[in-house]
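Here are my notes on the aromatic side chains. Please read them with the structure open.

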Amino acid sequence: MKNTISTRVADFLKKYPPFSEMDLQDLEKLSQKVSILYKTKESTVFEEDAPPHKQFYVVHKGAVVLRKKSQRDVIDLCDEGDIFGLRPLMANENYMLGAQAYEESILYAIPIAEFRPYTQKYDGVASFLMESFASNTRNPYSTDYKGILLGESPALKPQIDKGLLDLQHVHYSKKLVTSPETTSIKSIAVAMTQKKVGAMLILKDGLPVGIITDRDIRNKIATGAYPITAKAKDIMSAPIITYPKRMTIAQAQMAMMKNGISHLCLTEDGTANTPAVGMLSKHDIMLEIGNNPAVLMKAIKRAENFKTIKTIRRNVTGLLKGYLDQNIPLTLTSKIISELNDACIKQVIAITLKEQKDPPPVEFAWLALGSQGRSEQLLHTDQDNALIFEDVPQGELSRTRTYFLKLSKTINKGLNTIGYEYCPAEMMASNPEWCLSFSEWKDRVSYWITNPGPEEVLLTSIFFDYSLSFGEGRLVDELTAHIFGNTEKYPIFFTHLASGALQNPSPTGFFRSFLVEEDGAHKDFFDLKRRALMPMVDAARVLALSHNIKSINNTAERFERLAELEPNNEEQFLACSYATKALLKFRTKQGLLHNDSGRFIALDTLRKEEKMKLKRTFKTIKELQELIKLRFKVTSMLG
């Protein structure tokens, strides 16, 4: 009678090296000698410096972490199919690393005495083991970095020597030329001429308060607008825009383009509250680089129709692919791509306004919602947006709304033309439900906060990640203040929001198997957005709101801010930030690979390494959900 257990062991082992090199008959024979071990979480397999065991190990289910006592960091994490504990096979020495179950695990213990003959019979087995032992990796044939989570490790430095020069850090001038704000323009002009500089930094009490450039003197003095005896404070550009000294060339160019300035003031901490440490000009940048994202930005701003923007967006996608291929950190990639996408939206709105017969009757603000509002939309997905217009007398409300609905419809159409699909749920500014006056929006969000049913929680989870794309920032700032004022008055809202954040269960089932869709068009696919990304996004939102964190919508950045605010949870929140970026990068890569949104993943198309990397983020998700459950006391609501 066939031994079904040993058959199952053989069926498993034959999928992984070095056992894949063996004939099935030999493998089945070996499998009859294999012991099956069950290890609870954090239980020891072997200790560092312990005498060698008579077997080495293969992970069947779960994961085993390898550590060295002298180092706090994990040396390696072995997942399904990985072998470890080879030292007794290769050398009669004590273990150099300790092995511990990272989670509940099942291991196959391969007896060395029974296995050793096969190392002589199969060259492939011997070569694999020798290379593993010599290279200190459990699988030298792996094409990816082992033990590294999706390329976000510091061990993977940006490969800036392969053409992406714009990602080098800027070289700025540390020889500052400064003047007090009471200095006359004539004296400043003389000093700039003598020092051969194109800009003068203006200081007050040792801190930067403004900049005077050649252009200021040309436009404001030479034209007679101000006398030559005027003071620096009369013509300087203020308030000064400051940045941290560790900027990349691309970031510096984006900052100049975004603010319409030619010089950047760099300070100790990036704010105007610390002394200046250097100045950076366009000329400095142009000396270092040629083509870069700023070229795309300039092209977007010059575009006069939607089709031109659509063409430019293809180049943006090409830029994104290049950054991912070269393992550029996602934080930087995301900021650059988001700025370019944002510029495309601005230009669509600008073109639409230019083509309108009548100007807007009142000020308005166009909001990006959802992933775009969080600056996490790297791929071309559907559009989520809303519009706020200034309050008008009741008698003018209908006419005003009609104008903005018509405007929004054209903008939505323009966004569709450049590549943004229409939102299936019509969460777009062309929908009267998402095109409201300022007071109507205040009433709407107040209702959501004070009546947090499932639908209201869902709507807040979409709307509360908004960011200004175009228009009057004052409307957005005042609405934000209104929202935070309301959430402070009704803290029960956080409990409901937290409950909503827990609606998506952990991505894993028994022994870390992926939970896949059970029916529908994506049956047996893994929903990366719903199962993995959204739990992180939803949790970060409720935590950020409860901490009154304003002006930070990006999920990874929210976790980093939470790590600062809660030192006792710093490690967990930084892990969440790291996992969020890893998942977003994974989704983006899948989307580019399959030319879709990257949301639904066919697991059988993933390499073992890719599955392993995904699973490593799941533990973080599970722990975060436990924190949310306890902190906001939502157990009773979940039933």
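1. W434 is buried, with a relative accessible area of 6%. Keep in mind that this is a predicted model. W448 is buried too, at 3% relative accessibility.

2. A search of the whole structure finds 25 aromatic pairs. How are the rings of W434 and W448 set against each other? Their centres lie 6.4 Å apart and their planes meet at 45°, so this pair is tilted. An angle over 60 degrees would have made the pair edge-to-face, and one under 30 degrees stacked.

3. Which parts of the chain does this pair tie together? W434 sits in the loop between α15 (394-417) and β17 (435-437). W448 belongs to helix α16 (residues 438-450). The pair therefore joins parts that are 14 residues apart in sequence.

4. W448 also forms an aromatic pair with F463. This one is edge-to-face, with 5.8 Å from centre to centre and 70° between the planes. It links distant parts of the chain: W448 is in helix α16 and F463 in helix α17 (residues 454-463), 15 residues apart. Both W448 and F463 are buried.

5. Step back to the cluster. W434, W448 and F463 belong to one aromatic cluster, which also includes W441, F464, Y466, F493 and F494.

6. The charged end of R313 sits over the ring of Y420, 4.1 Å from its centre. The charged end of K550 sits over the ring of F484, and here the distance to the ring centre is 5.3 Å.

Note on methods:
Residues are numbered from 1 along each chain as its sequence is written. This is a predicted model: local features need pLDDT of at least 70, side-chain atom pairs count only at pLDDT 80 or more; totals for chains, interfaces and linings use all residues. Side-chain values use heavy atoms; hydrogens and water are left out. Rings of Phe, Tyr and Trp (its six-membered ring) pair if their centres lie within 6.5 Å; planes under 30 degrees apart count as stacked, over 60 as edge-to-face and the rest as tilted. Helices (H or I, at least four residues) and strands (E, at least two) are DSSP runs, numbered from the N terminus. Buried means under 20% relative accessible area, exposed over 50%, partly exposed in between (1.4 Å probe, protein chains only). A charge sits over a ring if NZ of Lys or CZ of Arg is within 6 Å of the ring centre and within 35 degrees of the ring normal.
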